[in-house]
Structure formats: structure tokens, C-alpha cells
Amino acid sequence: MVKCSPGFEVNSARISVTLSQFTVPLLTRVYHAFKGDMVCAIVLGEIAHRNVEAWLANADNPEAALGDPEQRMRIMRPCNALSIAQASGLPRETVRRKVVTLIERGYVQRSKDGYLFLTPNVGDDFVDMTAQTIEQLLATARRLEALLAGHPAPAAASGPRGARAQPRAAPARLG
């Protein structure tokens, strides 16, 4: 087992639940955003990483450059179905089919020489989901920090509108 902070052993169950309270709703949001096609989400994420990882490595690069079509094509690193298949571990034919879906949805475009690039408006459908994910990630990080320090952490809000989960009533006794 990897050595973690002292609070890990004391709070390992709480840490697991806290992580689950973040990851399960995130996966559910991604599932709905991609109409149940989680593999399509993975392929889009891999294309995004390949396209912008070198650009993002330099903190001085202005984000506005991504909105300029000419600059965008210069700064983005090209990729193809093979490189995405290798990076994700997905079969190449599966990646090719998902790329077609992503092109149809307007998230990805194929250059004349066959390379894959994100479209400028790819993030438009995910603004609310991204904002919600950031809010929940930061709250989860705060709870994890407290748990890893060996302190109890407040329970996470849950439910569709962030309401706290209500404690379950004790089961009725029979007889």
C-alpha cells in the first residue's frame, strides 16, 4: 500500500465515500452530456489533451488564442485515431467510429491531411457542467484535506439540488 498521510488510515472509509460522492455525480453528468456514450467522452478528452497540452504547458499563452482560427491551428498539436487509440487503450476501430460521432456533433474537425482538431465551440455545450464540476471538486478537496489531516470533515451535500441527504429512519421493529 502507498504511504499516505496519517489521516488516511483513520478516515479511509470516509475518504472513499467522499471520493465517490464526487466521482459518481461527475460520471453521471458525463453520461448524460454524451447521451450514454462514455467512450465518446473519453475519445474527445484524449483529442483535447493531445491538441492543447503543449500550448497549456506555457502559462504565458493567452486563452484568447484558442478562439482565433488561424492561431488555433498553429498552436494545436495534431493527432489521429491511431494516436488516440494508443493513448486511451481503446481499439482503433472504436476510436474511428467515435471520431465520426464527434465530428457529427460539431466537437471535432478533420484537417485535409486527416488530423483531428477540436472545434472552437467544443466547450459551449459543457460550460454549466464544467462550472458545477469545479465547484464540487473544490468542496471535495477541502473535505479530503480535513480527512487526511485526521480531522472529521463535514458531510457532502447530495441530491439533485445539493440538498443534504436526510438520515434514514430506523427500521420498524416487527413483533
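**The pocket and its lining**

I began with the lining of the largest pocket, to which α3 (38-56) and α7 (127-148) each supply at least two residues. I kept in mind throughout that this is a predicted model. Of the helices I noted, α3 gives the largest share of that lining, 8 residues. I then looked up the space itself, and the largest pocket holds about 790 Å³. Its lining is made up of 23 residues, and those that lie nearest the centre are A48, L118, V122, G123 and T130. Sorting the lining by class, I found 14 nonpolar, 6 polar and 3 charged residues.

**α2 against α7**

Next I asked at what angle helix α2 and α7 pack. For α2 (residues 12-33) and α7 the angle is about 170°, and their axes are 9 Å apart. Angles over 145 degrees count as roughly antiparallel, and α2 and α7 are therefore roughly antiparallel to each other. On the α2 side, I listed R14, I15, T18, L19, Q21, F22, P25, L26, R29, V30 and A33 as making the contact. On the α7 side, the contact is made by M129, Q132, T133, Q136, L137, T140, R143, L144, L147 and L148. By class, the residues of this contact of α2 with α7 divide into 12 nonpolar, 6 polar and 3 charged.

**α3 against α6**

I returned to α3, this time for its packing with α6, where the angle is about 85° and the axes are 9 Å apart. The range of 65 to 115 degrees counts as roughly perpendicular, and α3 and α6 are therefore roughly perpendicular to each other. From α3, the residues V39, C40, V43, L44 and I47 take part in the contact, and from α6 I noted T94, V95, K98, V99, T101 and L102. The residues of the contact of α3 with α6 comprise 8 nonpolar, 2 polar and 1 charged.

**Aromatic rings**

How many aromatic pairs does the structure hold? I found 3 aromatic pairs, and I wrote down the details of one of them, F34 with Y107. The ring centres of F34 and Y107 are 6.3 Å apart and the planes stand at 70°, so the pair is edge-to-face. I also checked where the two residues sit, and the pair links distant parts of the chain, 73 residues apart. F34 is in the loop between α2 and α3, whereas Y107 is in the loop between α6 (92-104) and β1 (108-110).

Technical notes. Residues numbered from 1 in each chain as written. Predicted model: local features only at pLDDT ≥ 70, side-chain atom pairs only at ≥ 80, totals over all residues. Heavy atoms only, no water. 1 Å grid on protein atoms, 1.4 Å probe; cavity = no way out; pocket = protein on both sides within 12 Å on 5 of 7 lines; lining within 4 Å. Points joined across faces, edges and corners; volume = space filled by probe spheres on them. Helix = DSSP H or I, 4+ residues; strand = E, 2+ residues; numbered from the N terminus. Nonpolar A, V, L, I, M, F, W, Y, C, P; charged D, E, K, R; others polar. Axes fitted to C-alpha atoms, helices over the stretch in contact; angles between N-to-C directions. Parallel < 35°, antiparallel > 145°, perpendicular 65-115°, else oblique. Contact = heavy atoms within 4.5 Å. Phe/Tyr/Trp six-rings, centres within 6.5 Å; stacked < 30°, edge-to-face > 60°.
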